[in-house]
Amino acid sequence: MGEGTPYVADANEPDPRYLGYGVRAPEMKRFLASLKPQFAALDADQKIELATRLIASGYGEQKGVAIALLENVPEHFPPERFNLMQELVSSLHGWSKIDSVTKLFLPNILSRHEQETIELLGRWNISEDKWLRRASVVLFTRKVAKSGLYKDIACRLCHALIHDNEHLVQTGVGWCLRDLMRWHK
């Protein structure tokens with residue numbers, strides 16, 4: 001777990017399955033930037049295979065690299081591969097990684113397969129997995145909230161989770177509602 005790490009996000013990860021080396025965000029950004037040429041040299045299947053292995057490691061920093069890899073291959077996650085995408089997302093085991101995947105990867109999936117993604121988010125919204133429930137609403141923050149395209153869907157999903165027992169699900173609901181209100185009074 002992130003206890004004792006100098007990286008604040010890791011230290012605040014309450015899921016006991018979450019592991020972290022303690023690499024700080026600026027160092028991770030530099031490291032990811034240095035990997036761009038290597039990422040570009042991989043084909044899509046190699047990116048997905050590597051991302052799957054990195055997520056399976058359990059370490060937050062490796063999961064961050066995996067999210068950067070997945071960000072570059074949204075076209076390889078059509079609805080018939082949503083089961084793999086769900087497996088990867090539910091293996092992230094931490095709010096910081098869920099928030100990253102909903103910011104960097106899932107909006108591309110939503111724009112490519114709108115109706116199917118909305119249906120998937122409805123299933124995630126009632127999942128036993130708290131990270132999938134959080135992802136079902138956090139996707140509608142930031143740029144997605146600003147677009148105004150999904151206000152009614154986001155509000156419906158938030159309403160279903162407003163009394164969720166998990167604190168990190170409730171904070172995701174609050175963040176989503178705050179971002180929606182920021183751009184759509």
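A salt bridge is a side-chain nitrogen of Lys or Arg within 4 Å of a carboxyl oxygen of Asp or Glu. By this criterion, R178 and D179 form a salt bridge, with their closest N and O atoms 3.6 Å apart. Salt bridges with shared partners link R178, D179 and R182 into one network. Buried here denotes a relative accessible area under 20%, exposed denotes over 50%, and partly exposed covers the range in between (1.4 Å probe, protein chains only). R178 counts as partly exposed because its relative accessibility is 44%, whereas D179 is buried, with a relative accessible area of 0%.

The structure is a predicted model, in which local features need pLDDT of at least 70 and side-chain atom pairs count only at pLDDT 80 or more, while totals for chains, interfaces and linings use all residues. Residues are numbered from 1 along each chain as its sequence is written, and side-chain values use heavy atoms, with hydrogens and water left out.

The structure holds eight salt bridges. Side chains of opposite charge can pair when their charged atoms come close. One of these bridges joins R53 to E49, with the closest N and O atoms 2.7 Å apart. Both R53 and E49 belong to helix α3, where four residues, about one turn of the helix, separate them. Helices are DSSP runs (H or I, at least four residues), numbered from the N terminus. R53 is exposed, since its relative accessible area is 59%, and E49 is partly exposed at 40% relative accessibility.

Another salt bridge connects E166 with K130, the closest N and O atoms being 3.8 Å apart. E166 lies in the loop between α11 (151-161) and α12 (167-183), and K130 lies in helix α9 (residues 130-138), so this pair ties together parts that are 36 residues apart in sequence. E166 counts as partly exposed because its relative accessibility is 31%.

Helix α3 also contains K47. With a relative accessibility of 10%, K47 counts as buried. The C-alpha atoms of K47 and A66 are separated by 8.2 Å, although the two residues are 19 residues apart along the chain.

The aromatic rings come next. A pair of aromatic rings is described by the distance of the centres and the angle of the planes. Rings of Phe, Tyr and Trp (its six-membered ring) form a pair if their centres lie within 6.5 Å; planes under 30 degrees apart count as stacked, over 60 as edge-to-face and the rest as tilted. The structure holds three aromatic pairs. One of them is the stacked pair of Y21 and Y59, at 4.2 Å centre to centre and with 5° between the planes. Y21 lies in the loop between α1 (8-11) and α2, and Y59 lies in the loop between α3 (44-56) and α4 (60-71), so the pair ties together parts that are 38 residues apart in sequence. Y21 is partly exposed at 49% relative accessibility, and Y59 is partly exposed with a relative accessible area of 25%.

F77 and F105 form an edge-to-face pair, because their ring centres are 5.3 Å apart and their planes stand at 85°. F77 lies in the loop between α4 and α5 (82-90), and F105 in the loop between α6 (95-104) and α7 (106-112), so this pair ties together parts that are 28 residues apart in sequence. Both F77 and F105 are buried.

Backbone geometry sets two residues in view. Most residues other than glycine have a negative phi. H93, which is not a glycine, has a positive phi of about 50°. H93 is placed in the loop between α5 and α6, and H93 is buried, with a relative accessible area of 14%. R142 likewise has a positive phi, near 50°, in a residue other than glycine. R142 is found in helix α10 (residues 142-147), and R142 is partly exposed because its relative accessible area is 47%.

R142 also takes part in a surface patch of positive charge, where it gathers with K29, K103 and K143. Such patches are made of residues with over 30% relative accessible area and no salt bridge, like charges being joined within 9 Å. K29 lies in helix α2 (residues 25-41), and K29 counts as exposed because its relative accessibility is 63%.

Technical notes:
Patches are made of residues with over 30% relative accessible area and no salt bridge: like charges are joined within 9 Å, nonpolar side chains (Val, Leu, Ile, Met, Phe, Trp, Tyr) within 5 Å. Accessible areas come from the Shrake-Rupley method with a 1.4 Å probe; for residues, only the protein chains shown count as cover. Lys and Arg count as positive and Asp and Glu as negative; His and the chain ends are not counted. The place of a charge is taken as NZ of Lys, CZ of Arg, CG of Asp or CD of Glu. Helices (H or I, at least four residues) and strands (E, at least two) are DSSP runs, numbered from the N terminus.
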